[in-house]
Every structure is written in structure tokens, then in C-alpha cells.
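Subject: Structure for you to look at

Hello,

Here is the structure I promised to pass on. Please open it before you read my notes.

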Amino acid sequence: MNTPQTRLSPLEVRERAACMCEHGDVCSSFAPGHALHLIQARMASATPLSWVDGVVEAADAASGLIRLRTLDGELIPIWSAGGAALEAPAGTPVALHGAYDVLAVGRVLYNVAR
């Protein structure tokens, strides 16, 4: 007699998945705000007209929340689990790629969620 296999639906699997950064480890997800994917970084660098310059107005390293004010005066709240808030305290000049949600702090790139 065979034991019936238990099959999980894709929805159940996605609900159970958790990024390693939730446990204090390196991001294991490429979801918005987590690890930066190589293709995302390459697409952002290949489309230079989508970058917007700004200054960090506030950054909370504990939650990963950053409030960015563009040079046009627009306030953009973003979130990053990758440590962007640690590297970009208030007053730091940054650039945000609007199409691919990439934050540049100096030469370091972060995947962000809006």
C-alpha cells in the first residue's frame, strides 16, 4: 500500500516562506525592499534618466523606514531590509531609481519598497 503524498498549493508555500532577514540573517528574498537582484541593478544602471536626486529627511535603522525628499520637494517614504537606513542617516544625499525601486547611497545600491 502506498502512502498518499501531501501536496501543498503554491499559495500555502508562499504563505509559509519567510525571509532570513526576519531572523537577523542576510536577505534570502528578492521581494521589494529585500536583497537587490543583479538584473534589477543592471536595469537601473541601463536607464539613467529614471534616477531622481534627493536628501534623506529621516531614517529609522530599527524599522528600515526612510523618508526621502527629492530636489523638487516631493516626500517619498521607502523601506529597505538591506540596511539602507543605517548607511543613510538624515541629511545624506541619495538617488532613487523610479522605475526599478533602487536606492543609491554613494556607490552602494539597495532594493527598496515604496
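This is a predicted model: local features need pLDDT of at least 70, side-chain atom pairs count only at pLDDT 80 or more; totals for chains, interfaces and linings use all residues.

Strands first. Strand β1 covers residues 51-60 and strand β4 covers residues 93-97. They pair in the antiparallel sense, over 5 bridges. Within that pairing, Trp51 stands opposite His97 of β4. β1 also pairs with strand β2 (residues 65-70), again antiparallel, over 6 bridges. Here Ala58 has Arg67 in β2 as its bridge partner. β1 and β2 make a hairpin with 4 residues between them. Gly64 sits in the turn and has a positive phi of about 85 degrees.

Next, helix α2, residues 38-46. Its buried residues are Gln40, Ala41 and Ala44. They span an arc of only 100 degrees around the axis, so they lie on the same side of α2. An α-helix has 3.6 residues a turn, so residues three or four places apart point the same way. What covers the buried residues of α2 includes β1, β4, β5 (102-105) and β6 (108-111). The face turned away from the buried side carries the exposed residues Leu38, Ile39, Arg42 and Ala46.

Now look at Ser80, in the loop between β3 (75-79) and α3 (84-87). Is Ser80 buried or exposed? Ser80 counts as buried, because its relative accessibility is 4% and the cut-off for buried is under 20%. A polar atom of the Ser80 side chain lies 3.1 Å from the backbone nitrogen of Gly82. Leaving out residues up to four places away in sequence, Ser80 touches Gly33, Gly64, Tyr110, Asn111 and Val112. Gly64 is the residue in the hairpin turn.

Last, the salt bridges. The count comes to 3. Arg67 and Glu57 meet in one of them, at 2.8 Å from N to O. Arg67 is partly exposed at 39%, as are Glu57 at 33% and Arg69 at 30%.

Arg114 forms a salt bridge with Asp101, with the closest N and O atoms 2.9 Å apart. Arg114 lies in the segment after β6 and Asp101 in the loop between β4 and β5, so the pair ties together parts 13 residues apart in sequence. Arg114 is exposed at 54%, whereas Asp101 is partly exposed at 22%.

Best wishes

Definitions and conventions. Residues are numbered from 1 along each chain as its sequence is written. Side-chain values use heavy atoms; hydrogens and water are left out. Two strands pair if DSSP finds at least two bridges between them. Helices (H or I, at least four residues) and strands (E, at least two) are DSSP runs, numbered from the N terminus. Buried means under 20% relative accessible area, exposed over 50%, partly exposed in between (1.4 Å probe, protein chains only). The arc is that of the directions from the helix axis to the C-beta atoms. Contact means heavy atoms within 4.5 Å. A polar contact is a pair of N or O atoms within 3.5 Å; within protein, one must be able to donate a hydrogen and the other to accept it, and residues adjacent in sequence count only if both atoms are side-chain atoms. A salt bridge is a side-chain nitrogen of Lys or Arg within 4 Å of a carboxyl oxygen of Asp or Glu.
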